[in-house]
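Okay, thanks for coming, everyone.

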Amino acid sequence: MDGLTAAQTERTPSRADTPRDAHQLTPAQVETGLGVDPGVGLSSREAAERVAVHGPNQLAEPARRPEWLKFLDQFRNWLIGILIIAAVVAGAIGDIRDALVITVVLQINAVLGYLQERRAERSLEALRRMLVPTARVRRDGTEQLVEADILVPGDVVLLEAGDRVPADGRLIVAETVEVAEAALTGESQPVAKSTAVTGPVPLAERTGMLFMNTALTRGRAEMIVTATGMRTELGSIAEALRADAEPPSPLQIQLDSLGRRLALLSGVAVAAYALVALTRGESLADIALRAVALAVAAIPEGLPAVLALTLALGVYRMARRGAIVKRLASVESLGSATVVCSDKTGTLTLNEMTVRALWSGGRLHEVTGEGYGTNGVVRGGEATLVSALLPFALCNDAHLTDDGFVGDPTEAALVVLAAKAGLDADGLRVELPRTGELPFDAATKYMATFHREPDGRTRVYVKGAVDVLLGLCSEVVTEDGVSELDDRCRGEVLDVTRQLGGSGLRVLGAATAVADGAPDQASLNGLTLVSVAGIADPPRAQARDAIALCRTAGVTVKMITGDHADTAAAIARELDIDGDVVTGAELDLMTPQELSRRIDDIGVFARVVPEHKVAIVRALSERGHVVAMTGDGVNDAAALRAAHIGVAMGVTGTDVAKEAADMVLTDDDFSTIVRAVREGRAIYANIVKFVRFQLATNIGAILSLLGAAAAGLPAPLTAAQLLWINIIMDGPPAMALAVDPAEDDVMRHPPRDSAERILDARRLIAIGRAGAVMALGTVGLLAFARPWAGTDTALTMAFTTFVLFQLFNAFNARADQGPLLGRHQLRNRTLWWCLAGVLVVQIAAVHLPWARTVFGTQPLDPVQWALCLGTAATVLLVELLVRAVKRLVR
Ligand code: ATP
């Protein structure tokens, strides 16, 4: 067996050797060179063997940073730098114990930070793996969807508008193909491609070739892969492979500047304190010790790691529920979204198309049967059916299979319709071979194919939006046979369209003509309209509820569709989307100012082309909205980029749309967007909670130290104790707050103002208040206990009180939005475990002999413990009191 494989492996390179300069060879030469019949493709065995020779179709990843360097990165933070200086200062003035503890705690902090970062990184990596690129290939004679990294030279790849080219290849079929090659050649306009041979020309002019990572913006193509992985043109440009680091999100920037300001504050506090202490004649060593403690107290060194982890875990959770967020920063925007603009087909509806009505020969026929099964009939009018349905069957790329269909759902529904009338679309396509085509384009809203008839003439078959077809037709088939498309007939067709659309059906017309010219747009005139089909696409069951939820959450939903206004309005009514219906043609007549003035009243945009979406996003942004916009087509990329949150469809979306988007839906379902908004709000709320929690600790510590100094008392917290507090608080309790389950009412508030700073005046005051209460309690208890318990015990009580303050303050922080007391406070079990853990650890720090040596503590008796606990509870009581007063005042 091994021998056989080896022999074949040796043989394969000669047969499957990549033809150099394939653009100078004809498709046939490339086929022979690579040993492939394009109608059949490679066999899976051959493909497997070639992978063994050529390796996977992957670009080399940039070298990974070794783990030990990532660990050392933890010390590169400037906040940590200050702490290292603090340790050195402590050591220099002979406080070896503090110096040691600071050093040990810094190590623990680094390990925690490293572990948190690694967990965040893993979640994000898992996320990236959910978006592996795929390619449509022909292998073993059938079309298959495979992961792009198993492509090999010789593979036949099938591409359509919006697809990313997965490897370098020679075009063998090219129907009006245009490709965006900016990534490779810098050419900003899409370039036209064909199968023609070119000479020894530069890359940008090799029109017979497609290159990896460029994108088809128009048409349909087949290519034979000539180079994969690092042997592609892209692979040879090392520079293009450098992954750009994600820029810091607005939240990260805000928190960073917050850290800086706190450090500055501690600098000022240290200076002020030193000045006072010097005039009082305190020893330099004492001053230095307190300065060290102050610096340690002020620095929120754990914050960045918790933030990174919260975002990463949050997006991972969202991904498991169908929304893959590509940029962490979009989580913040999601939480403040005020408008969701959603495509209709496939997102608000199921994209399960069934033809329900057919207008042909001047009469409307009912079509029975459900889904893509062919059990059903077209009632009446058999005489005209064959000619009425030929365009639908031939101008169509879908195929029925045993378990459904391959291709576009709309087209599959039309093949089913033909089958119900006894027409075999596959057979017809063999009988009347296709000689040319104009693929469907959301902008033109029609598709045309050219076929050779038995008598040698060429006939064009067209299907598309009826209003567009009417512009191309001069005749129509009515009850009396073919007649001129006069105003009366036109009125009749429009009535039918309105009637079908009004009941929520998608309406598609069919037309035909003899075409003697070249297969291009110019030959599409003087057509005969032969039939009109009404296609049902039921709304998604959850969409209505999700839209209702948006309403209570202050998020407006707008429907955007290429469909007819009547169809769109009917579906919008079913889904309960309010607002005016405006068509693309009407949008064209509005100035940007006018649109922006009216936009809040519009609920449905019908018959729009993707370019309108950009105008819609602009108008909404102008009104101060935070916009989520969905898209799937190649032309949607601009709107997806313009929106605050571009949302691409994972199933039906093109590669180009997915790349431009901030978020990809794995189930294309509208309600997933709404769930993501909810999750975005919950994540933001949790970030607020732990920032509030940690900063109150920092402020409390600074105020306690300054307060004690001002009162002429010894420092209530040593540097080592402060770091200890930081570690036990920054770690488990902050993390527990970060993964707090979403409050039930997150979707009952209006969206957060996107310009809101994470620490607005209200939160700053709350943090300041909590800090002040902690300082008062800690210093007050120190002053109170010192005369009867002795300085050492009083200091231990102060330390213990300060720690217990944090436990109570966790509940204040948790109730940033909601009520302070209630059953919801019991819901986060992790938090309760963490708080219990902190309490146990504190008991150990006070009562275990070795811990006492480290922290310089004294054992406390039950009364002293009770005093500490009682004092610490005041932080919760004060918050309750403040809220009660506020309610009274209001
Ligand atoms: P969305 O709601 O996601 O924007 P849509 O289905 O409403 O999608 P398009 O797919 O752009 O919008 O369709 C617009 C119109 O083009 C349809 O109303 C129909 O008349 C026509 N159409 C749709 N699919 C085809 C097709 N495969 N061939 C020809 N015409 C089509």
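I'll start with the overall picture, then go through some strands, the ligand, a pocket and a few loop residues.

One thing before we start: this is a predicted model. The chain has 890 residues, and 53% of them count as buried. In secondary structure, we're looking at 32 helices and 26 strands. If you boxed up the C-alpha atoms along the principal axes, you'd need roughly 115 × 75 × 50 Å.

Okay, strand β9, which covers residues 339-343. Is β9 enclosed or open? Well, 5 of its 5 residues are buried, so β9 is largely enclosed by the rest of the structure. Remember that in a regular strand the side chains alternate between the two faces of the sheet. In β9, Val339, Cys341 and Asp343 sit on one side, with Val340 and Ser342 on the other, and all of these are buried, so both faces are covered going by the cut-off of under 20% relative accessible area.

And who are the partners of β9? One is β21, residues 556-560, which runs parallel to β9 and is joined to it by 5 bridges. If you want to find that pairing on the screen, look for aspartate 343, which stands opposite isoleucine 560 in β21. Another is β24, residues 627-631, again parallel, with 3 bridges to β9. There, valine 339 has valine 627 of β24 as its bridge partner.

Now over to another strand, β15, residues 446-452. This one is mostly covered, with 6 of its 7 residues buried. β15 pairs in the antiparallel sense with β14, residues 434-438, over 4 bridges. β15 and β16 make a hairpin with 5 residues between the strands, and in it glycine 456 has a positive phi near 90°.

Which residues come closest to the ligand? There are 20 residues around it, and the closest are Thr345, Lys463, Arg506, Thr561 and Asp563. Arginine 506 has a side-chain N or O atom 2.5 Å from an oxygen atom of the ligand. Threonine 561 puts a polar side-chain atom 2.5 Å from a ligand oxygen. And for aspartate 408, a polar side-chain atom lies 3.3 Å from a nitrogen atom of the ligand.

Which element gives the most to the lining? That's α32, with 6 residues. By class, the lining of this pocket comes to 8 nonpolar, 2 polar and 9 charged residues.

Most residues other than glycine have a negative phi. Asparagine 213, though, has a positive phi, near 70°. You'll find asparagine 213 in the loop between β6 (209-210) and β7 (215-227). At 33% relative accessibility, asparagine 213 counts as partly exposed, because that value falls between the 20% and 50% cut-offs.

Aspartate 576 is another with a positive phi, near 70°. Its loop is the one between α19 (565-575) and β22 (580-583). Aspartate 576 is at 34% relative accessibility, which makes it partly exposed.

And then glycine 362, in the loop between β10 (354-360) and β11 (363-366). Buried or exposed? Glycine 362 is at 14% relative accessible area, which is under 20%, so this one counts as buried. For a sense of distance, glycine 362 and aspartate 667 are 305 residues apart in sequence, and C-alpha to C-alpha they're 40 Å apart in space.

Definitions and conventions:
Residues are numbered from 1 along each chain as its sequence is written. This is a predicted model: local features need pLDDT of at least 70, side-chain atom pairs count only at pLDDT 80 or more; totals for chains, interfaces and linings use all residues. Side-chain values use heavy atoms; hydrogens and water are left out. Buried means under 20% relative accessible area, exposed over 50%, partly exposed in between (1.4 Å probe, protein chains only). Helices (H or I, at least four residues) and strands (E, at least two) are DSSP runs, numbered from the N terminus. Two strands pair if DSSP finds at least two bridges between them. Ala, Val, Leu, Ile, Met, Phe, Trp, Tyr, Cys and Pro count as nonpolar, Asp, Glu, Lys and Arg as charged, and the others, Gly among them, as polar. A residue is near a molecule or strand if one of its heavy atoms lies within 4 Å of it. A polar contact is a pair of N or O atoms within 3.5 Å; within protein, one must be able to donate a hydrogen and the other to accept it, and residues adjacent in sequence count only if both atoms are side-chain atoms.
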